[in-house]
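The sequence and structure come first.

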Amino acid sequence: MTVVETGSSKRVTGTRLLRREDPALLTGEAKFIDDIVQADALCMAVLRSPMAHARIVSVDSSAAMRMPGVVAVLSGSDLRDEWSAPMPCAWPVTGEMKNPPHFPVAADVVNFVGDAVAVVLASDKNAAVDALASIDVNYEPLPVVSNLEDALGNKDLVHPDLGTNVSYVWTLEPDKAKVDEAFASAPHVVKSRFIQQRLIPAAMEPRGVLVVPHPYGGEYTIFSSTQIPHILKLMLSLTVGISEAKLRVIAPSVGGGFGSKLNVYPEEILALTLARKLQRPIRWTEERSENSLATIHGRGQIQDIELAADANGKVMAVRVNLVADMGGYLQLLTPGVPLLGGFLYHGLYDVPAYSFSCTGVFTNKTPTDAYRGAGRPEATFAIERSMDALARKVGIDPAEVRRRNFIAPEKFPYASAAGLIFDSGNYLPNLELALEKVGYAEIRAEQERRRLVGSKKHLGVGLSCYVEMCGLAPSKVLGSLSYSAGGWESATVRILPTCKVQVVAGTTPHGQGHETSWSMIVADRLGISPGDIEVLHSDTAIAPFGMDTYGSRSLSVGGSAIYMATEKVLAKARLIAAHKLEVSPEDLDYQDGEFRVKGSAEKSFALSSAAFEAFTAHDLPEGVEPNLEATVTWDPPNFTFPFGTHIAVVEIDEETGQTELLRYLSIDDVGNQINPMIVEGQIEGGIAQGVAQALFEEAIYDESCNLLDSTFIEYLIPSAAEFPNFELGSTVTASPTNPLGVKGVGEAGCIASPPAVINAIVDALTEFGIENIDMPASPERVWKAIGAARGNGIQVD
């Protein structure tokens, strides 16, 4: 474990400090979009298409305009000249990628149920929503592309002008001949097809936006429940045509994001456009039913994966072909999301040959984009399900097949066949600790006992060993992948004259506990109380530079920038202290807010005194500027690679198909931990979301591309009652790529848990000859699988 240098005799980092953010959230004092009072604001409501694919023949708003409180009704045709550019897609993954223009309100053709066709502005929200029903839109139906196989066939086209439903084909194949040779000579070849169902992110709070114009300066303040205020500011400037210097974006309390608020949405562009047009504040709050249709969906893939292995189960090559559902348009990161997993379908295994290909296709469904894990859960699911299949084929235990394939610790930093450099790892002790903690041998013994007595309650245990790449940096690597932004992060640390500290962060928290963690990092280095540190964030006027929060990047990139800025401030204070004590800076030690001359207990100079000296500037060393403040913009040299082992234990009732999750254990390695309580909270939340994908959640469409489960009555989001107490543990393998030795944790649970649960279910059902269950593994689906197996002559009795 790397020990980060500290200026405190009582280390704060590594302790379970309560989150300072929580009291406001728990007592209702936190400010969300609807809590912001703005006089004279018009409320916006959006009319959405009930058809998945249709030509807009006409829009008649005359009746709506006569309704009480209505100020304006505008169609796509009315607004088409208001925008400087279409909605942004920031990741053109290939030079040939097809990206049809997408505007906030459709003027000619709608391409999914929920596509905006008109907007109402009224004096209050109820009046605006009521007026929607009076808008008469005449549609001409067009052929619908409802599934990925049909999309590939190109019989019907989502965007006929493109001549195809294929947006792009992206291939990663460093050595095709080596892959082909491995498969030609392998004693064992495992081929599997897995379906990643569509998911609805369903954050606790839906989206919202409030735009306030300042007419005398031509400036606009945008309050948005976004994960990305800095990126949103830039994209609003480009699409609406307002100088970036005239825009201020503030993200108040967001109410959860999970990637769904890592986007630029039509409503944000609309609100700014209409605020400029009418010079009135415009506000919009999403309804929950809108959220299911108009906020992005996650996942949506067909995965074909093949493993070539030798006689002992050592993997020689991995070959993957994906078909990824883009939906009706490309949102901000849509085409790149599947590729974030494209480098990791070999998992944490030492695989010498690798091939990956992804075909992105359009369908007449809600656009997909980043959802917690963004490509990494899909990759982990495919390889971990395949490793269990390989274990069955070779005739060894799933734990043993993993032992035989782990990257050895002496190989780090490890150059993967996919082209990544894994920073650090020690996988085998992590697996063995998980097996010991869960009582793996005892579970296997109980499983065998039940089978011998013919129990109708079938026990299963599933493993999932994962590795993910976090940080989404460095910028040069992102540039080589055609990503439009960088991977750096900016931070400012200033010590005020009274020795209170302000930290200005470019990261944008929405539940991760940044205010607590950032104060802990600075408190440790300066040897002061975290209570003396204020953390400012989520406002582009206060923190003008930042790349925001997603991809488990905030700590490894943003936290490191804060640590480095603190170092610079402390170095400047050291110069002032040395000057006042008439010694060399190298002759000073620093601890608990005091500079002391080495070997002398009497000669000291407090940090508080240095802060005030810097403020008065009466007697500063030559060349030292007044005030203690430093800004660091840090671009990491590499991604970070957290890893771990998750184990699920399930019991399946063969008569009902009901799966009960009896136990869930995880041993995660996220490098050094700033606050273990926050780490555990992130892991638990991720596990819950991943288990939800495995057992409960799926966005279901009919053949006409109508979403059939758009409310929580039909779309099954589990409550705490559906989960056992999660058993958490950790190992620590510090990252050498950042000064804190941290790796990232926000998505780990969501990445590892789906294959752990499905592997456990399949393990329970192996005596029926069942080798796969699609997600979600509902009671009906499991029950039908058992029935089908019995119909093939396989009997339990």
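## Backbone features

Pro474 sits in the loop that runs between β18 (457-467) and α15 (475-480). The model is a predicted one, and in it the peptide bond joining Ala473 and Pro474 is cis, with omega at about 10°. A cis peptide bond also joins Met775 and Pro776, where omega is about -10°. Pro776 belongs to the loop between α20 (748-764) and α21 (779-791).

Another backbone feature concerns phi. Gln279 has a positive phi, near 55°, although the residue is not glycine. Gln279 is placed in the loop between α8 (266-278) and β12 (282-285).

## Cavities and a pocket

Rolling a probe the size of a water molecule over the atoms shows where empty space is left. How many cavities of 30 Å³ or more are there? The count comes to five.

The largest cavity has a volume of about 90 Å³. Its lining consists of 14 residues, and those nearest the centre are His102, Phe112, Pro266, Ala294 and Gln331. By class, the lining of the largest cavity has eight nonpolar, three polar and three charged residues.

The second largest cavity has a volume of about 70 Å³. It is lined by 13 residues, with Arg299, Gln301, Val337, Pro338 and Thr368 closest to the centre. Which elements supply at least two residues each to the lining of the second largest cavity? They are β13 (298-309), β14 (315-327) and α10 (337-340). The largest share of this lining, four residues, is from β13. The lining of the second largest cavity divides into four nonpolar, five polar and four charged residues.

Turning to open space, the second largest pocket holds about 560 Å³. Of the 24 residues in the lining of this pocket, Pro101, Asp108, Val109, Asn111 and His159 lie nearest its centre. The lining of the second largest pocket comprises 15 nonpolar, five polar and four charged residues.

The volumes and lining classes are collected below.

| Space | Volume | Lining by class |
|---|---|---|
| Largest cavity | about 90 Å³ | eight nonpolar, three polar, three charged |
| Second largest cavity | about 70 Å³ | four nonpolar, five polar, four charged |
| Second largest pocket | about 560 Å³ | 15 nonpolar, five polar, four charged |

## Helix contact

At what angle do the axes of α16 and α17 cross? The axis of helix α16 (residues 514-526) comes within 10 Å of that of helix α17 (residues 554-581), and the two cross at roughly 35°. This crossing of α16 and α17 is right-handed. On the α16 side, the contact is made by His514, Trp518, Ile521, Val522, Arg525 and Leu526. On the α17 side, Ser554, Leu555, Gly559, Ile562, Tyr563, Thr566, Glu567 and Leu570 take part. Sorted by class, the contact of α16 with α17 has eight nonpolar, four polar and two charged residues.

## Aromatic pairs

A pair of aromatic rings is described by the distance of the centres and the angle of the planes. The structure holds 19 aromatic pairs. One of these is formed by Trp170 and Phe343, with 5.9 Å centre to centre and 65° between the planes. The pair of Trp170 and Phe343 is edge-to-face, because planes over 60 degrees apart count as such. Where in the chain do Trp170 and Phe343 lie? Trp170 is in strand β7 (residues 166-172), while Phe343 is in the loop between α10 and β15 (353-362). The pair thus links distant parts of the chain, 173 residues apart.

Terms used: Residues numbered from 1 in each chain as written. Predicted model: local features only at pLDDT ≥ 70, side-chain atom pairs only at ≥ 80, totals over all residues. Heavy atoms only, no water. 1 Å grid on protein atoms, 1.4 Å probe; cavity = no way out; pocket = protein on both sides within 12 Å on 5 of 7 lines; lining within 4 Å. Points joined across faces, edges and corners; volume = space filled by probe spheres on them. Nonpolar A, V, L, I, M, F, W, Y, C, P; charged D, E, K, R; others polar. Axes fitted to C-alpha atoms, helices over the stretch in contact; angles between N-to-C directions. Left-handed = near helix turned anticlockwise from the far one by under 90°. Contact = heavy atoms within 4.5 Å. Phe/Tyr/Trp six-rings, centres within 6.5 Å; stacked < 30°, edge-to-face > 60°.
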